[in-house]
There are 2 protein chains.
Amino acid sequence: MSVTIKDIARELGVSVSTVSYALNGGPRPVRDDVRDRVLATATALDYRPNHLARTLITGRSFTIGVVPTELTTNLTKSPYFTGCLDGIVNAAEVLGQDVLLYTRFDQTSPVAFVNALLDGRADGLLFLAPAVDSPALELLAGKIPIAIASGKEVPDLPSFTCDNRHGVHQAIAHLVGLGHTRIGTLHGKLHLVDGIERLKAFRAAMAEFGGDLREEWIAGGDFHPQGGFDAGHQMLSKSPRPTAIFCANDEMAAGLVQAAYALGLAVPEDISIVGFDDAPTASMMHPSLTTVRQPLEELGAAAMHALIAQINGDAGAPHIQFETELIIRKSTTSPKEDP
Amino acid sequence: MSVTIKDIARELGVSVSTVSYALNGGPRPVRDDVRDRVLATATALDYRPNHLARTLITGRSFTIGVVPTELTTNLTKSPYFTGCLDGIVNAAEVLGQDVLLYTRFDQTSPVAFVNALLDGRADGLLFLAPAVDSPALELLAGKIPIAIASGKEVPDLPSFTCDNRHGVHQAIAHLVGLGHTRIGTLHGKLHLVDGIERLKAFRAAMAEFGGDLREEWIAGGDFHPQGGFDAGHQMLSKSPRPTAIFCANDEMAAGLVQAAYALGLAVPEDISIVGFDDAPTASMMHPSLTTVRQPLEELGAAAMHALIAQINGDAGAPHIQFETELIIRKSTTSPKEDP
DNA sequence: CTGAAAGCGCTTACAG
DNA sequence: CTGAAAGCGCTTACAG
């Protein structure tokens, strides 16, 4: 039904190999006039190469599969996801790769999941914040090139994260510097590396600075705005409440700000709030959000480059931690004097 | 190198057709014990079906290609894009489709571009805000199922937009109702339908309401925050300046707010600002943004469903306009009395 | 420089 | 219920 190299070959009375080599410009030489006629006929017949057939033979699809954590609804609403994807897509263009989003997740079995990822369409897989307990990475390792963004380190697989420990330390040091001692945290999902590490780093920093660490000032917000609102609302309703709260991402911080407002609290006067990521919204919120910036685009792009390097046979599986940067805005100030 | 149905057939001493039918559960019946042995052997050998080979024969990839307007850097930073993509991805999961992002654009020739999109990997193409002068749609029509989001209507192709005319009318009516007569606009890209229609609707509404329409209060902002800042800064520096500005999207509105602040103007006291889209940032900005909401997720999802219907042979190419909704927030108020 | 042929991993008529 | 074979549209040794 669609035009193939066979049609061109028949039309011209040459072999399909000649057509193939002419179309590809090599590697076998083709007589100039033959090549010209092949090209002209291809255009005349409106020939279009079939990427599938070529990939089936060459084993290269020039397509990278992106595997998000899990398909929660509104995946693309996540600033983490879009930030990384941005870097990935930009790098993909430079590297001549297309991006296949694996949006279907067969939760019934890891095997089905893994099979779906190994169906031949992608030359490599880029995992975005994989769950630490996901068996997928182990099942996949060695079977296809893989790079990991914001996941746990796996031997022989390149991985890219931000320096969570240092980032959280910057945030807590900032709050302590402002005079806070009663500091709480809204942590993220604890099956994700970023969730685990930021909570751990929070505890470590509080211990280091001798802050007033109370378990009721530690709550989970699932990395989502609503979770931040709910957990924050509960934490701020208690007495005594913290004078500052570190949130493991900006989305929870946004929810927390709303919770504070709902309780009639002023931000930052009554409660200082720090986020993480420096999502696009952070600078536009009211008040603008003090946050720990991680370079998500660079992270996604670096993972993409490492993946392509791996596909091309370049050895090396770097584990890179990107530096974080504390961005001080208007959501933090010194605590009020105790009454 | 990887395990194929041939390996299973050889292992069991049956034909590849039997293996194929057993694996697929039909359509040809396979004796129960044979089927069980095939399945067991497939698992034992760690067999994984090759999606490419199957697609090559069946002509169905269960993959939809998403074609963004153009690959500007930071594509995924656009709330329009992520909003639509969100709906697309959600619908894709429901419909059992994967999403291929066409990120490489061969700007050198429309033919090369079209060929890339017709390479066999996608069963259908979903265009996001295609340029009105792009030859791609005409070249592609009839060769592959297509659905269009926020593009111009093409006969026989399903298309989905919001009701730009009514949306802009709502915005201007709101401003006029507040007492504004000196109203300007920051328009978007004029090679996109949304850009064209919103500007046209602005002129129409101003004519209808008898507002003070001046050409120097009409400027282009390219749909980007920086463009909104630049064009807004210039417009607000002039004298007389408008008391209200309608922006063709929220990103430009955000830039315009910054421009107003940079000039020492208060929002909304000195200048009322209305956006379009109701992007996630709109409610979090300071001041929160009055804007015309269009249901981007629904729009993306509807386009996806129409595309799949088309692939499945269901006739009909609906041209649907989604209703807009005016969301009144804090960036608009009555103009100050003239001094 | 060129052609005939094998083969990538599948599906599916065709013939029992 | 099953096997042998053709074929999807390509690339690439093999043999001139």
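Since the model is predicted, local features need pLDDT of at least 70 and side-chain atom pairs count only at pLDDT 80 or more, whereas totals for chains, interfaces and linings use all residues.

Let me start with chain A, which is divided into domain 1 (5–49), domain 2 (63–162 + 297–323) and domain 3 (164–294), with bounds that come from an automatic or database domain assignment. The centres of domain 2 and domain 3 of chain A, taken over C-alpha atoms, are 28 Å apart. Between these domains, 14 residues of domain 2 are in contact with 14 residues of domain 3, contact meaning that the C-beta atoms of two residues, placed from the backbone, lie within 7 Å. On the domain 2 side, α5 (79–95) and β5 (159–162) of chain A each supply at least two residues; helices (H or I, at least four residues) and strands (E, at least two) are DSSP runs, numbered from the N terminus.

Turning to the two chains, chain B can be laid on chain A with an RMSD of 0.1 Å by a turn of 180° and a shift of 0.0 Å along the axis, where the copies are superposed by least squares on the C-alpha atoms of residues with pLDDT of at least 70 in both. The two copies are therefore related as by a two-fold rotation axis, and 100% of the contact residues of chain B recur in chain A.

How many residues does each chain bring to the contact? Chain A and chain B each give 40 residues, and on the chain B side the elements that give two or more are α4, α5 (79–95) and β2 (98–101). The largest share of that side, seven residues, comes from α5(B). Strand β2 (residues 98–101) of chain A also runs antiparallel to β2(B), with three bridges joining them; strands count as paired if DSSP finds at least two bridges between them. In this pairing Val99(A) has Leu101(B) as its bridge partner.

Now to the DNA. Of the 28 residues around DNA strand D, Ser17(A), Ala53(A), Ser17(B), Pro29(B) and Arg31(B) come nearest, a residue being near a strand if its C-beta atom, placed from the backbone, lies within 6 Å of it. Both chains take part, as α2 (16–24) and α4 (51–58) of chain A and α2 (16–24) and α4 (51–58) of chain B give two or more residues to this surface.

I will close with the backbone. The peptide bond from Val267(A) to Pro268(A) is cis, with omega near 10°, and Pro268(A) lies in the loop between α11 (250–262) and β9 (272–277) of chain A. Asp278(A), in the loop between β9 and β10 (290–293) of chain A, is not a glycine and yet has a positive phi of about 60°. Is Asp278(A) buried or exposed? Asp278(A) is buried, with 24 other C-beta atoms within 10 Å, and here buried means 20 or more such atoms within 10 Å, exposed 12 or fewer, and partly exposed in between, with C-beta atoms placed from the backbone. Asp46(B) likewise has a positive phi, near 60°, but with 14 C-beta neighbours inside 10 Å Asp46(B) counts as partly exposed.

Terms used: Residues are numbered from 1 along each chain as its sequence is written. Chains are lettered from A and ligands numbered from 1 in the order in which they are written.
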